[in-house]
Amino acid sequence: MDTLNYLIDGFGVALAPHNLMFALMGAFLGTLIGALPGLGPANGVAILIPLAFTLGLRPETALIMLTAVYAGAMYGGRISSILLNIPGDEPAMMTCLDGYPMARQGRAAEALAISAVASFIGSLIATVGLILLAPLLARFALTFGAAEYFALFVLAFATLGGITGKNPVKTILAAALGLMIATVGIDLSTGVQRFTFGTLELYEGVDFIIAIVGLFAVSELLVFIEEKAGAGREMIKVNKLSLKWKDIREILPTSFRGGVIGFISGVLPGAGASLGSFISYTLEKRILGSKNRFGEGDSRGVAAPESGNNGASSGALVPMLTLGVPGSGTTAVLLAMLISFNITPGPLMFTQNADVVWGVIAALLIGNFLLLVLNIPLVGVFVKLLSVPPMYLLPMVTMVAFVGIYSISHSPVDLYFMVAFGVAGYVLRKLEIPLVPVILGMLLGPEVEKNLRHAMQISDGDWTILWSSPLSITLWAIAIAGLVLPVIVGPILRRRMKAGAQPD
Amino acid sequence: MSMRTPLKFLAAASLTLSAGLAMAFQPSGKVDCIAPADPGGGWDFTCRSVGKVLEDLDLAPGSVQTINMAGAGGGVAYAHTVSKRSDDDQLLVAASTATTTRLAQGQFPGMSADDVNWIGAVGADYGVIAVAKDSRYQDLPALMDALKKNPKAVKFAGGSANGGWDHLKVLIAANKAGVDNLPKIPYLSYNNGGEAMTQVVGGHVDAFTGDISEAQGFMESGDLRILAVLADQRLPGKFSDIPTAKEQGIDAIGANWRGFYMPGKISDDAKQYWVDAVDTLYKSDEWKDVMKKNGLMPFHPGQGQFEQYVKTQIDDIQALSKEIGLIK
């Protein structure tokens, strides 16, 4: 019953008026960010992190706000998918398939409402899963020594291909870039400086947050400038909502299945929300068999991916909170934020920072209700935002990023770095090299290195320590499977995804 | 407007002059306190809590604003203070043993302890050496004896970098206990004390080196047995059961003090004002309350002795770092 007590305490934290206010603000901002094409949850959270620092928020308040942003962005992603046929973020891609046809048939408001309900169900299922499983996983974590951690981080690298998948070589390249950046700074294990060139600002290495904001947000601006996106794009009128109970009942089973599938793929590091929404959609298509009209504006075709990606987004918090291993790009960003608040994600978080963890979990539940309430009546408002020309929108985004980063450390050097990362991010995007593995490389690289060296110190240089426990052997096996399976299964999945992406 | 401002300034200047008869220096307006790290850490806590008490006691006339300036373990803030604000007499910078360690090891290139004014300490966190509850070591001498036979026999986990304060505490104790081969003692560096402790509690590493405030949680849960606290005498309150290293025959002190330095070119009067202010603060009930709530232990070298304490500490750390080959 500890869990229940903690959760009640968590509600106490999350329901404190100022925390509730920031949760509401986060949910709203998140939905807006999610609705903006291309500006996904990872970017949204990255952009708003400096805001949390500027406002001088306490760790739990900042985390509650950012989790709400995270959840909100997963809701918001569907809006432009349905109205513009442009996914607001990667996982919302599958929502285009049936959402846009529905909108063209004059059922845009229904599509938006149904997807909001499905998102809610997906998140709810996964949050319940998080509550039940997370403490269990946390207790397990004391058994992790240096060797086990090393195997675990190798596992995370091995499944990296699942995140972006398209071109494994580019993913490896991106991760290697991240690893290289991670070596800058004073090496903790020897006290030796690496690649600092006598620059004081480099002693502690390159800050994740600067890299993330630069790579995602600043490069977004550059890409937008180049494309002059959004100019003269045709908008679909949103009809008046006429949602019947029957419509909701019809999508319930689909949403439940989607939520469960999403949660599972979210818990596995490296799988993530895109996979959740994709599998949920394809599986639902198969389950419904000939009864479905997927691809032609079937409401269940909207519900399946939406419950899947929202389930995955909550599921991804499990490995992040209990093991300190991010399951998705956004949790990688959240992880970086926790570290910058001097909170160590991992088993200890549940005991040392119980108020933070359970506050966040409670906030996730509350956030879901807030989002449902926000999303149905405010659909019209969100749609309006899509018509704000980028020439007004983007300077604001950039300003927030600059002010925020400067306020973290008051160092102009950080701003140069952010711009440099922005340019690098732009180049990487042009080369179609995914950005998320760069961040993962930066985050996980030092951990891999540190744990390998610790393992060697503990065993006095005996390599067999790395596979001397059942736990580490299991992790190695999963890592190898994660590395090998996508090579076999990947092309098959991708072919299906392509087939699914052509509705006509 | 253009007339009024100089007038005001003149008025303020003459006020200061007349007040100068009674007291040579009076701060006016906003006081800055630089915390050389991100929000949430020890330096940040020092600035924010001291700032608040300074305001409450009217030792600072206006507000005390905390500015976070992370980088190079305090080096960025140190360089900023030395090069850009060398005569700013309303600037306090939070410091601790981590600052003196880095100065001693030359990690702030081109800068030394003489470049700033050391104002005072407001308390300390004392070092501990601890083992898991099922460890075979019952006291510090037993652990040190094992190291004497084989310096690799006990592996230590701590939250600082190699050569950092947590590592040095082990070496200080081992040195006093008469262990010969100091550089051979294995030290595993973790991101923070908490991470290091899980490894010790989980049975993966033999012993933990850190501060008493970090160890409190696992000590109270019974998972961790604290062999010794590296303090002059037993700590007050719930820590009074923990033996000191000294009473076990190993005269090792490891105080991680918290305090302040100021820019190097401020007037003697300004310096005296702030030394007095920190003195007054340390003796106040408000500050005693802060210390109690946050587990900060008594530590406050008297008037004028802090500067000497800092320099001696730097010399000691330098000698030790040379001995283990960390610096040449």
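Predicted model: local features only at pLDDT ≥ 70, side-chain atom pairs only at ≥ 80, totals over all residues.
Most residues other than glycine have a negative phi.

Glu432(A) sits in the loop that joins helix H20 (412–430) to helix H21 (436–458) of chain A. With 10 C-beta neighbours inside 10 Å, Glu432(A) counts as exposed.

## Where the chains touch

Now for the meeting of the two chains. On one side there are 35 residues of chain B, in contact with 30 residues of chain A. On the chain B side, the elements giving two or more residues are strand E2 (64–68), helix H3 (75–83), strand E6 (187–189) and H7. H7(B) gives the most, with five residues. Sort that side of chain B by class and you get 14 nonpolar, 17 polar and four charged residues.

## Helix H8 and its surroundings

Stay in chain B and look at helix H8 (residues 212–220). Its buried residues are Ile212(B), Glu214(B), Ala215(B), Phe218(B) and Met219(B). Looking down the axis of H8(B), you'd see these buried residues fall within an arc of 145°, so they line one face of the helix. What do the buried residues of H8(B) pack against? Their partners in chain B are strand E4 (116–132), helix H7 (193–201), strand E7 (207–211) and strand E8 (224–229). Just after H8(B) comes Gly222(B), which takes a positive phi of about 85°.

The pairing with H7(B) can be described in more detail. The axes of H7(B) and H8(B) cross at roughly 35° and come within 10 Å, and the crossing is right-handed. H7(B) brings Gly193(B), Gly194(B), Met197(B) and Val201(B) to the contact, while H8(B) brings Glu214(B), Ala215(B) and Phe218(B). By class, that contact has four nonpolar residues, two polar and one charged.

## Another helix pair: H4 and H11

Helix H4 (residues 97–104) and helix H11 (residues 305–323) of chain B pack with their axes 8 Å apart, at an angle of about 55°. That angle makes H4(B) oblique to H11(B). The crossing here is right-handed.

Which residues make the contact? From H4(B) come Thr100(B), Thr101(B), Leu103(B) and Ala104(B). H11(B) supplies Val310(B), Gln313(B), Ile314(B), Ile317(B), Gln318(B) and Ser321(B). The contact divides into five nonpolar and five polar residues, with no charged ones.

## A buried valine

One last stop: Val170(B), in helix H6 (residues 165–177) of chain B. Val170(B) has 26 C-beta neighbours inside 10 Å, so it counts as buried, given that the cut-off is 20 or more. Setting aside neighbours within four places in sequence, Val170(B) is in contact with Phe156(B), Ile185(B), Tyr187(B) and Thr209(B). As for Pro109(B), 61 residues away along the chain, its C-alpha atom is separated from that of Val170(B) by 26 Å.

Definitions and conventions. Residues numbered from 1 in each chain as written. Chains lettered and ligands numbered in written order. Buried ≥ 20, exposed ≤ 12 C-beta atoms within 10 Å, placed from the backbone. Helix = DSSP H or I, 4+ residues; strand = E, 2+ residues; numbered from the N terminus. Arc of directions from axis to C-beta. Contact = placed C-beta atoms within 7 Å. Nonpolar A, V, L, I, M, F, W, Y, C, P; charged D, E, K, R; others polar. Axes fitted to C-alpha atoms, helices over the stretch in contact; angles between N-to-C directions. Parallel < 35°, antiparallel > 145°, perpendicular 65-115°, else oblique. Left-handed = near helix turned anticlockwise from the far one by under 90°.
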